[in-house]
Amino acid sequence: MARKRFREEEDAAIDMTPMLDIVFIMLIFFIVTTSFVKEAGIDVNKPEASQAQKKPSANIFIAIRANGEVWMDKRMVDVERVGANIERLLAEQPTDIVVIQADKESKHGVVVKVMDQIKEAGIDKISIAAEDD
């Protein structure tokens, strides 16, 4: 009689495999379709512009401080290494636009060097962030 009771308990078990398969498929779907934004990692005082427009979202942001520091992906990088860092970020998630968030007190020469590095990395669409009036 003990053997028969043990077998009945085995047969009454619920198979969780199909439910786990669905959960894992949903998890993979959400991971693949999620867009990750590479923030610059710092706040800058952007200049004001009366004709500023909202552009489509970009995945790569580069911040330039007033003292000339360049920040990408929450870390400071050398101006000459901007192109290599963009190529690395493009390998992770391709995009066709980069947003430069330059401080209004930053030097024009640093911004131009960063723009040259972006062009060398193969991106032609560059947006400069500004505040609305």
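**A walk through one predicted chain**

Residues are numbered from 1 along each chain as its sequence is written, and side-chain values use heavy atoms, with hydrogens and water left out.

Staying with Phe30 for a moment, let me turn to aromatic pairs. Rings of Phe, Tyr and Trp (for Trp, its six-membered ring) pair if their centres lie within 6.5 Å, and planes under 30 degrees apart count as stacked, over 60 as edge-to-face and the rest as tilted. By this rule the count comes to 1 aromatic pair. The rings of Phe29 and Phe30 have centres 5.4 Å apart and planes at 65°, so this pair is edge-to-face.

Now the chain as a whole. It holds 4 helices and 7 strands, where helices (H or I, at least four residues) and strands (E, at least two) are DSSP runs numbered from the N terminus. Starting at the N terminus, the order of elements is α-α-β-β-β-β-α-β-α-β-β. Of the 133 residues in the chain, 29% are buried. If we take contacts, meaning heavy atoms within 4.5 Å, between residues at least 6 apart in sequence, 71% of them join residues at least 24 apart.

Which residues of helix 3 are buried? They are Val82, Gly83, Asn85, Ile86, Leu89 and Leu90. Seen down the helix axis, these buried residues fall within an arc of 160°, so they line one face of helix 3, the arc being that of the directions from the helix axis to the C-beta atoms. They pack against strand 2, strand 3 (70-72), strand 4 (75-77) and helix 4.

Asn85 counts as buried because its relative accessibility is 9%, and, not counting residues up to four places away in sequence, Asn85 touches Met72, Arg75 and Val77. Leu90, which is found in helix 3 (residues 82-92), is buried as well, with a relative accessible area of 17%. Leaving aside neighbours within four places in sequence, Leu90 is in contact with Ile60, Thr95, Ala121 and Ile123. The C-alpha atoms of Leu90 and Asn59, which are 31 residues apart along the chain, are separated by 9.2 Å.

Finally, strand 5. Here 6 of the 6 residues of strand 5 (residues 97-102) are buried, so the strand is largely enclosed by the rest of the structure. In a regular strand the side chains alternate between the two faces of the sheet. In strand 5 both faces are covered, with Ile97, Val99 and Gln101 buried on one side and Val98, Ile100 and Ala102 buried on the other.

As for its partners, two strands pair if DSSP finds at least two bridges between them. Strand 2 (residues 60-64) runs parallel to strand 5 and is joined to it by 5 bridges, with Ile100 in strand 5 as the bridge partner of Ile62. Strand 6 (residues 125-128) is also parallel to strand 5, through 4 bridges, and there Val99 stands opposite Ser127.

Definitions and conventions:
Predicted model: local features only at pLDDT ≥ 70, side-chain atom pairs only at ≥ 80, totals over all residues. Buried < 20%, exposed > 50% of the residue type's maximum accessible area, 1.4 Å probe, protein only.
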